[in-house]
Amino acid sequence: MMVELRHLRYLLAVAEHANFTRAAEALHISQPTLSQQVKQLERSLKVQLLDRSGRTVRLTDAGEAYVHYARRALQDLAAAERAVLDVQDLSRGSLRLAMTPTFTAYLVGPLVEAFHRRHPAITLELREMTQDHIESALLADELDLGIAFGGPHLPGIAATALFTETLGLVVGTEHPHAGRTQALPISALNDLQLALLSSDFATRGHIDAHFGRHRVSPHIAVEANSLNALTEIVRRTPLATVLPDAITHDHPHLHPVPLDPPLPSRTVTLLRRETAYRSAAAHAFTRVARGWAAERPGES
């Protein structure tokens, strides 16, 4: 029997769910049909791929090896299908893009505006996820491009620098430090109460590392999982926070307070899988993103 694509999809579904019934439900086929098809695949390969003896179904050693290549084959086939459907004149097409939560507060709006204005026929699928999930999704061919921070990346990920992001201490209009122009010694943070992003965010790790290097331990009164929440909290309370300068500049009720030493800047990068097929839409978005970044204030 010749191995067909459905056999690969069926095997991967069973491997993912570790259960024939749940896999059949996900595939919208009957459980007996699924079981029969997987057995046909095993007979064709003359090897047992699944261990059905326990409470859950698991891959045998041979199954683990086979699934590795089966998954890659389906990814390559999906990429081939997108390549065939790719329209170089950008009269239609789609792009799967993800960015870390920090950027949804100030980057997604103007960047998508610039791209849509130039290429309105391209459908953009936009997702928000953490940087490690972005890189994993790129490697799994679930995304075309990602926007995150520079630094060590997973093998197989290529990064293109876009611009430099700077972070700063921010207070509301009624805060005693509002309007301060002289740099505040970082040791003074020990006397402030802060509202910061939760530890799930890479930005929080960046902030904590800087505080740790300078041996300061501010009182963290509020932890939030949204930059929009932080801007509202700081506007309405005597708490201070740390935000990207791009957000602070867009809010007249937020006041930057210079720190000495300042928080280190970070490089914002456009990520892709090195071996991925680069569609016309992906090329177009890269051009738009680099052009937009070059026109930002302070960028050359």
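The residues lining the second largest pocket divide into six nonpolar, no polar and four charged. This pocket belongs to a predicted model, and its space amounts to about 290 Å³. Its lining consists of Arg9, Leu12, Ala13, Ala15, Glu16, Arg71, Leu74, Leu77, Ala78 and Glu81. Two helices, α1 (5–17) and α4 (61–85), each supply at least two residues of that lining.

**Helix packing around α3**

Helix α1, which contributes to the pocket lining, also packs against α3 at an angle of about 110°. The table sets out both pairs.

| Helix pair | Angle | Distance between axes |
|---|---|---|
| α1 and α3 | about 110° | 9 Å |

How do α1 and α3 lie relative to each other, roughly parallel or roughly perpendicular? Angles of 65 to 115 degrees count as roughly perpendicular, and the angle between α1 and α3 is about 110°, so α1 is roughly perpendicular to α3. The crossing of these two helices is left-handed. On the α1 side, the contact is made by Arg6, His7, Tyr10, Leu11 and Val14. On the α3 side, Leu34, Gln37, Val38, Gln40 and Leu41 take part. By class, the contact of α1 with α3 has six nonpolar, three polar and one charged residues.

The contact of α2 with α3 has six nonpolar, three polar and no charged residues.

**The cavity**

How many cavities of 30 Å³ or more does a search of the whole structure find? The search finds one. The largest cavity has a volume of about 100 Å³. It is lined by 13 residues, and those closest to its centre are Asp144, Ala276, Tyr277, Arg278 and Ala282. By class, the lining of the largest cavity has five nonpolar, one polar and seven charged residues.

Key: Residues numbered from 1 in each chain as written. Predicted model: local features only at pLDDT ≥ 70, side-chain atom pairs only at ≥ 80, totals over all residues. Heavy atoms only, no water. 1 Å grid on protein atoms, 1.4 Å probe; cavity = no way out; pocket = protein on both sides within 12 Å on 5 of 7 lines; lining within 4 Å. Points joined across faces, edges and corners; volume = space filled by probe spheres on them. Helix = DSSP H or I, 4+ residues; strand = E, 2+ residues; numbered from the N terminus. Nonpolar A, V, L, I, M, F, W, Y, C, P; charged D, E, K, R; others polar. Axes fitted to C-alpha atoms, helices over the stretch in contact; angles between N-to-C directions. Parallel < 35°, antiparallel > 145°, perpendicular 65-115°, else oblique. Left-handed = near helix turned anticlockwise from the far one by under 90°. Contact = heavy atoms within 4.5 Å.
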